[in-house]
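The following paragraphs lead the reader through selected parts of a protein structure. Please keep the sequence and the structure in view while reading.

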Amino acid sequence: MAPRRNLCVLAALWALAGVACAHRDWRRALEQDTTAAYHQFLREHPGDDHAPEARARIDLVRLRARPTLEGFHAFSQKFGDTGLVDELRPHVESLFFDQARRIGTPEAYESFLADFPGGALAARATGNADFLRNHGFGGDLAQLADFAARHPESDFAAEAVRSADSLRQRTQQAFGRTRLVVDVDPTTPGADRLRRVFEERAVERFRAAGRVLVPAADSNAKGFDSVLRIAHREGTSRADLKQGAMTQSGLLAETEVSLQRSGDDTPIWQDSFTYLAPLSSRKADESILFQTEAAGAYWTRFFVPVATWQTRGALRNERELAEPPVAVDAADGRAVALFGDGSFQLLDIADPTSPAILAEYRRARDLARFEGVALIGDRVAVFGSDGLELVAVDGSGARRERVWPREKIGSLTAVVPMRTGLALAGNRGLSWIPNDASDARVLVPKGVLGLERAGDHLLFTDGATLYAATPAQLAAGRVASELRFGSGFDLRGMRVNGSRAIAIGARGVVVVDVADPNHLSARSRLEASQIGEVRDALAVSGQVFLLGDRGLQVVDRAGERVAESLDVSARQHLAVGGRHLVLIGGRTLEVVDTTPFVASMPAAPRGAGKY
């Protein structure tokens with residue numbers, strides 16, 4: 001019996017030693033916490049009680065290194081009762097929060113909160129969802145202030161406070177009377193005449209805007225809190241090589257214009273205008289600005305800015321992009337900048353003072369060209385000369401989802417998402433792609449220059465007439481209403497926001513009431529002589545903003561005159577996201593807070609320009 005008892009004791013000791021060894025190896029695997037360590041443990045102890053957890057932790061480590069939404073949900077479903085999901089959450093929370101930011105909808109943040117209800121980013125996500133669900137509170141300052149107080153962690157909180165500060169700045173620092181100082185170099189031929197012309201143009205400009213401008217020579221020129229300065233000189237310019245191009249010699253006229261509030265170091269507006277004339281144009285008693293027909297181009301460009309406060313308070317930090325953008329679109333908290341080859345950057349502008357890249361899409365290099373972009377929920381439509389591409393933005397970034405080449409749909413000028421499909425405008429006319437189909441059907445078989453949406457109606461133009469119709473009406477060969485501009489207006493584009501459409505033509509812009517698409521009506525018209533060349537325009541809360549060679553101009557509520565000027569760098573295209581305008585031009589992306597303008601912008605009083 002003794003030998004058998006000894007064998008049992010030895011077996012028990014061996015078993016205890018094996019258990020101790022397994023426990024030691026398990027602790028080592030947990031300390032290393034790598035797939036290699038857990039695999040080694042399983043090879044050495046395949047039947048140990050910790051083997052199931054080792055297999056689960058292999059999945060955890062892999063998912064922690066390369067987290068995906070699908071993988072996290074699958075892991076949660078498989079190991080939800082083991083405590084491993086809670087261990088995984090802190091490692092993947094920030095990535096899933098970034099995914100919600102890329103999609104930028106309240107539903108995306110609510111989905112995040114369902115997965116991370118008590119996480120470190122829960123308060124931030126709750127605030128973002130609240131802001132987006134309420135559409136930015138319509139720019140209501142009281143509600144914005146309340147929102148910032150309730151959700152200080154939100155990405156939108158800092159800008160909510162900033163908007164309130166901008167409106168206070170406009171209210172507290174507003175000015176009504178501006179002093180005019182015209183300084184023409186006395187060596188300029190005909191200096192006195194030129195000085196009078198500058199003065200007359202400036203005073204008339206302010207009078208048209210309903211503002212008071214008093215020449216410095218006026219005996220009543222007292223009590224001013226802003227000054228408009230016009231400085232002009234003329235002289236000989238020698239031929240020179242600048243930036244790889246040879247400039248011609250001649251007579252150069254240079255005019256600098258600035259508008260500045262008294263006591264401010266930074267001008268509200270500052271710009272210069274130049275004109276180069278042949279040396280043969282020199283006359284002893286007359287400025288070159290009055291001598292040649294070509295000088296008319298100078299006077300077309302020359303203008304005087306108007307403002308009632310330091311409008312730079314509405315500008316946010318400029319962002320220099322890697323290459324020149326060709327198009328832009330925006331939504332609350334997000335903007336997308338398109339480059340000519342179809343690549344784009346999706347930016348977070350919840351705090352527009354520090355925009356961050358949410359996703360980048362890089363197309364393979366080829367000869368394809370694209371000129372338009374549209375944010376459609378969690379997708380980005382890229383379109384232009386070479387058709388249409390739909391790019392999904394999700395947890396993995398940006399990936400091409402569907403393609404309609406030019407051979408199928410032609411070259412496009414606009415893509416408009418509707419509830420039941422996509423409307424396309426281009427050289428083949430106006431086409432329609434239903435949500436449940438992939439082929440486009442032509443509804444209007446003639447070239448369409450501009451396409452926008454007003455509720456359930458599409459607004460489109462052929463260059464002479466503005467039409468309104470639902471997709472069903474177009475399919476039946478009908479339109480709801482039309483508004484004729486005539487070929488002389490040379491309608492080139494159209495933008496819609498809310499109940500206002502802005503028709504952009506060579507001769508100016510027309511503001512159209514589209515509150516009832518069945519009865520389109522022109523509300524006001526601004527001539528090119530008043531507003532310069534307008535490249536893009538939008539209405540925000542009924543307030544019209546014009547972008548062009550004169551920067552960003554704000555039209556008064558009556559739609560009759562420019563009431564404010566903003567000296568912006570980006571002057572090519574603009575988009576609206578909530579209460580913010582996103583501008584592009586050159587390599588620059590710039591954001592403007594419209595809140596100080598839309599919160600209170602009465603029509604300029606008639607006759608207010610008298611002094």
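The model shown here is predicted. Is Asp-593 buried or exposed? Its relative accessible area is 0%, and because residues under 20% count as buried, Asp-593 is buried.

The surroundings of Asp-593 can be described next. Its side chain makes a polar contact with the side chain of Thr-595, at 2.6 Å. When neighbours within four places in sequence are left aside, Asp-593 is in contact with Glu-159, Ser-163, Ser-166, Ala-314, Arg-316, Arg-579 and His-580.

Attention may now turn to the helices. Helix α3 comprises residues 51-65, 15 residues in total. From its first C-alpha to its last, α3 reaches 21 Å, close to the 21 Å expected at 1.5 Å a residue. Several residues of α3 are buried, among them Ala-51, Ala-54 and Ala-56. The buried residues of this helix also include Arg-57, as well as Ile-58, Leu-60, Val-61 and Leu-63.

Helix α5 spans residues 84-103 and helix α7 spans residues 122-133; their axes come within 11 Å and cross at roughly 10°. Angles under 35 degrees count as roughly parallel, and α5 is therefore roughly parallel to α7. Which residues meet where these helices are in contact? From α5 come Glu-93, Phe-97 and Arg-101, and they meet Ala-122, Arg-124, Ala-125 and Asn-128 of α7. By class, this contact has three nonpolar, one polar and three charged residues.

Terms used:
Residues are numbered from 1 along each chain as its sequence is written. This is a predicted model: local features need pLDDT of at least 70, side-chain atom pairs count only at pLDDT 80 or more; totals for chains, interfaces and linings use all residues. Side-chain values use heavy atoms; hydrogens and water are left out. Buried means under 20% relative accessible area, exposed over 50%, partly exposed in between (1.4 Å probe, protein chains only). A polar contact is a pair of N or O atoms within 3.5 Å; within protein, one must be able to donate a hydrogen and the other to accept it, and residues adjacent in sequence count only if both atoms are side-chain atoms. Contact means heavy atoms within 4.5 Å. Helices (H or I, at least four residues) and strands (E, at least two) are DSSP runs, numbered from the N terminus. The expected span of a helix is 1.5 Å times one less than its number of residues. Axes are lines fitted to C-alpha atoms, for helices over the stretch in contact, and angles run from 0 to 180 degrees between N-to-C directions. Angles under 35 degrees count as roughly parallel, over 145 as roughly antiparallel, 65 to 115 as roughly perpendicular and the rest as oblique. Ala, Val, Leu, Ile, Met, Phe, Trp, Tyr, Cys and Pro count as nonpolar, Asp, Glu, Lys and Arg as charged, and the others, Gly among them, as polar.
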